[in-house]
Amino acid sequence: MFHYGIAGWSMYSLLGMAMGYFAYRWGMPLSIRAALYPLLGKRVRGTAGNVIDIFALVGTVVGVATSMGIGVVLLNVGFSWLFGLPQSLALQIALVLVAVVMTIAACTSGVDKGIRLISELNLWSAGAMLLYILVSGQTPFLLNAIVESIGRFVWTLPTRPCRPWPMSPVAPNGWPGPPCSGAMVMSNFSSTIPDPGQDGAKWLRIFWAVLTAMLTIAMLLAGGVTTMEYATLIFALPVTIVAYLVMASFSKALRMERADREGRVLRRADVSAHGGLAPEKSWRQRLRSLRSYPSTRAAAHFATETVGPALETVAAEFRAQSYVGEITSSVQETTGIAVHSLVFRMGQERDFMYRIAPVEAPVPNFGARVAQDRETFYRLEVFTQTGSEGYSVMGLTRQQIINDVLDRYEGPVGYLSYAQAISTASVLTPRAAATVAVESS
């Protein structure tokens, strides 16, 4: 086995951060192709995106199969030392079959159950093994070695990522771990899931678990660990290229985020760079909102009688000035509160969205006025394309809501103006006529 080190684990962090950012910040599917949107644009939904997902899937399944194969080989060695069992291909295949059964049971039960149980079991087993070795082994030597190894690691860090050091062949605690997480990840990669909080279908998890086991057995039959090493090297090249593209795309998206914030500051001096201020209120409105925990019925009435007409007024005026957009309304079945969404087209850029939706919040149990009849209430929060803006419009007048819509709309317009002015490649904005196209649409 070879240790990963910072360079290896950084790949997990990179892909996790990139996919999480585009899923939860941009509202895109939890996939590799989504993380390349700043580079490829709408092409990620076509052939280019399909090719990228295929590379990611193939690289993942080969990597997981290799991890499983090396794990069962080392586990076979451990069983041979401990119990005198023969080091044979039959026993290794049997261990693969046991692993795939455990994988199917774990990944079909979800992340919070089976996979979590196996992951925690791995950690506790590793901790118990380390403690046992520390207590029963050469304790003074091991303690000195820990301090010396940390110092040596820091001192040799610049050259260490390029040196895969061999480790002693101990029995792998994480033997079923990679197949479980791999089957879950591959089911997500091969599915179209708009909600990043959901996972791929159970039958897909079973399919990838079985396919991984079959590939592992095939590589064991074809030559064992040597075949796995060659397969990893061959399929690592396209995955490495995809990883570099993800780095470039993620870096570009973060520069876009910074340009967006700077554009808001340049557009309006009273808007901060961390997302803007809440709409201005009178002092009486501010005081009432501090201790206001409206009932569900009151929130539903306000959403229907104040929020809806205010957004209809804005939409009508925008249409009168030849803007392209629409307003949609729906009622939540659980609360009966209307959700209003206002969307305006921004040409080739991401559409502007202003949505007011109910968000459940706990009623505080401090202060002079405490609502004793319930534990939660609903805030009517403002949402844009990047998520909640963190404030409620409950208690505002129609005019104040209209002003807030315009304040939010000025943000992306300021961003596009700033992006065109600096003519930088760090933003997804054409070099010419971007602002004109937005204002005339």
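**Rings, bridges and buried side chains**

Colleague: Why does tyrosine 409 count as buried?

Modeller: Tyrosine 409 has 8% relative accessibility. Buried means under 20% relative accessible area, exposed means over 50%, and partly exposed is in between (1.4 Å probe, protein chains only). With 8% under that 20% limit, tyrosine 409 is therefore buried. Do keep in mind that this is a predicted model, where local features need pLDDT of at least 70, side-chain atom pairs count only at pLDDT 80 or more, and totals for chains, interfaces and linings use all residues. Residues are numbered from 1 along each chain as its sequence is written, and side-chain values use heavy atoms, with hydrogens and water left out.

Colleague: And tyrosine 323, why is that one called buried?

Modeller: Tyrosine 323 comes out at 19% relative accessibility, which is under 20%, so buried is the word. Across the chain, 40% of the 441 residues count as buried.

Colleague: How many aromatic pairs are there?

Modeller: The count is 15 aromatic pairs. Rings of Phe, Tyr and Trp (its six-membered ring) pair if their centres lie within 6.5 Å; planes under 30 degrees apart are stacked, over 60 edge-to-face, and the rest tilted.

Colleague: What makes phenylalanine 22 and tryptophan 26 an edge-to-face pair?

Modeller: Their ring centres are 5.1 Å apart, within the 6.5 Å limit, and their planes stand at 75°, over 60, so the pair is edge-to-face. Phenylalanine 22 and tryptophan 26 are both buried.

Colleague: Why do the rings of tyrosine 323 and tyrosine 409 make an edge-to-face pair?

Modeller: For tyrosine 323 and tyrosine 409 the centres are 6.1 Å apart, within 6.5 Å, and the planes are at 80°, over 60, so that pair is edge-to-face as well. Tyrosine 323 sits in the loop between helix H12 (296-320) and strand E1 (325-331), and tyrosine 409 in helix H13 (residues 398-422), so the pair ties together parts 86 residues apart in sequence. Helices (H or I, at least four residues) and strands (E, at least two) are DSSP runs, numbered from the N terminus. The chain has 14 helices and 5 strands.

Colleague: Which residues form an aromatic cluster with Trp26?

Modeller: Tyr21, Phe22, Tyr37 and Phe250 form one aromatic cluster with Trp26.

Colleague: How do you know that arginine 350 lies over the face of tryptophan 26?

Modeller: Arginine 350 is at 4.9 Å from the ring centre of tryptophan 26. The rule asks for NZ of Lys or CZ of Arg within 6 Å of the ring centre and within 35 degrees of the ring normal.

Colleague: What makes arginine 116 and glutamate 120 a salt bridge?

Modeller: A salt bridge is a side-chain nitrogen of Lys or Arg within 4 Å of a carboxyl oxygen of Asp or Glu. In arginine 116 and glutamate 120 the closest N and O atoms are 3.0 Å apart, within 4 Å, so this is a salt bridge. Both residues lie in helix H6 (residues 111-136), 4 residues apart, about one turn of the helix. By this rule the count is 8 salt bridges.

Colleague: What makes glutamate 389 and arginine 408 a salt bridge?

Modeller: Glutamate 389 and arginine 408 meet at 3.1 Å, N to O, within 4 Å, so the rule holds. The pair links distant parts of the chain: glutamate 389 is in strand E5 (residues 387-392) and arginine 408 in helix H13, 19 residues apart. Glutamate 389 counts as buried at 18%, and arginine 408 does at 9%.

Colleague: Why is asparagine 76 called buried?

Modeller: Asparagine 76 has a relative accessible area of 0%, under 20%, so buried it is. Asparagine 76 is placed in helix H4 (residues 47-83). Leaving out residues up to four places away in sequence, asparagine 76 touches Pro86, Gln87, Ser88, Leu91, Gln92 and Leu95, where contact means heavy atoms within 4.5 Å.
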